[in-house]
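Visitor: I'm new to this one and would like to learn how to read it. Could you walk me through it, feature by feature?

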Amino acid sequence: QVQLVESGGGLVQAGGSLRLSCAASGRFFSINAMGWYRQGPENARELVASITGGGSTNYADSVKGRFTISRDSAKNTVNLQMNSLKPEDTVVYYCNADVTFRPGGPWYRHWGPGTQVTVSS
């Protein structure tokens, strides 16, 4: 079983910054990609940023230049530094990790419970 726990959400004024963190724990062999998605009450879950095991990153156009994703593979953690926050960034953010339980095995995507980010204008 794999557990992902997010932290760092909260309330911030427009233009401010927040740093989200996510730690993966449990019995697994390896983690490949990790990332952050977000979802509003009436929208589908959308990619914010992802990072592969090799460190390659991908960002949604709406956050490029403002958000930075990073990871510590030794600690199984992924972080999202969010700068220049806007009111439209207000939604729930979810961490995910692609995990395998044996060498050469299939990858399974696991999700954290989510953390609320609220940006006031």
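Guide: Happy to. Keep in mind that this is a predicted model. Let's begin with a network: R38, E46, R66 and D89 are linked by salt bridges.

Visitor: How do I read one of those links, say the salt bridge between R66 and D89?

Guide: Look for a side-chain nitrogen of Lys or Arg within 4 Å of a carboxyl oxygen of Asp or Glu. For R66 and D89, the closest N and O atoms are 2.8 Å apart. The pair links distant parts of the chain, 23 residues apart: R66 sits in the loop between β6 (57-59) and β7 (67-72), and D89 in the loop between β8 (77-82) and β9 (91-100).

Visitor: Are R66 and D89 buried or exposed?

Guide: Both R66 and D89 are buried.

Visitor: How many salt bridges does the structure hold?

Guide: Five. One of them joins R109 to D98, with the closest N and O atoms 2.7 Å apart. This pair also links distant parts of the chain, 11 residues apart, with R109 in strand β10 (residues 108-111) and D98 in strand β9.

Visitor: Which residue forms a salt bridge with K64?

Guide: That's D61, and the closest N and O atoms are 3.1 Å apart. Why is D61 called exposed? Because its relative accessible area is 65%.

Visitor: Let's move on to strands. In what order do the four strands of the open sheet come?

Guide: The order is β1-β3-β8-β7, and the pairing is antiparallel. To find the edges, look for strands that pair on one side only: here those are β1 (2-7) and β7. Direction ignored, neighbouring strands of this sheet are turned by 15° against each other on average.

Visitor: What joins β7 to β8?

Guide: Six bridges, with the two strands running antiparallel.

Visitor: Where is T77, and what is it in contact with?

Guide: T77 is in strand β8. Set aside its neighbours within four places in sequence, and T77 is in contact with C22, A23, M34, S70, R71 and D72. With a relative accessibility of 18%, T77 counts as buried.

Visitor: C22 is on that list of contacts. Which residue does a disulfide join to C22?

Guide: C95, with an S to S distance of 2.0 Å. A search of the whole structure finds one disulfide. To read its handedness, check the angle about the S-S bond: at -75°, the link of C22 and C95 is left-handed.

Technical notes
Residues are numbered from 1 along each chain as its sequence is written. This is a predicted model: local features need pLDDT of at least 70, side-chain atom pairs count only at pLDDT 80 or more; totals for chains, interfaces and linings use all residues. Side-chain values use heavy atoms; hydrogens and water are left out. Buried means under 20% relative accessible area, exposed over 50%, partly exposed in between (1.4 Å probe, protein chains only). Two strands pair if DSSP finds at least two bridges between them. Axes are lines fitted to C-alpha atoms, for helices over the stretch in contact, and angles run from 0 to 180 degrees between N-to-C directions. A disulfide is a pair of cysteine sulfur atoms within 2.5 Å. Contact means heavy atoms within 4.5 Å.
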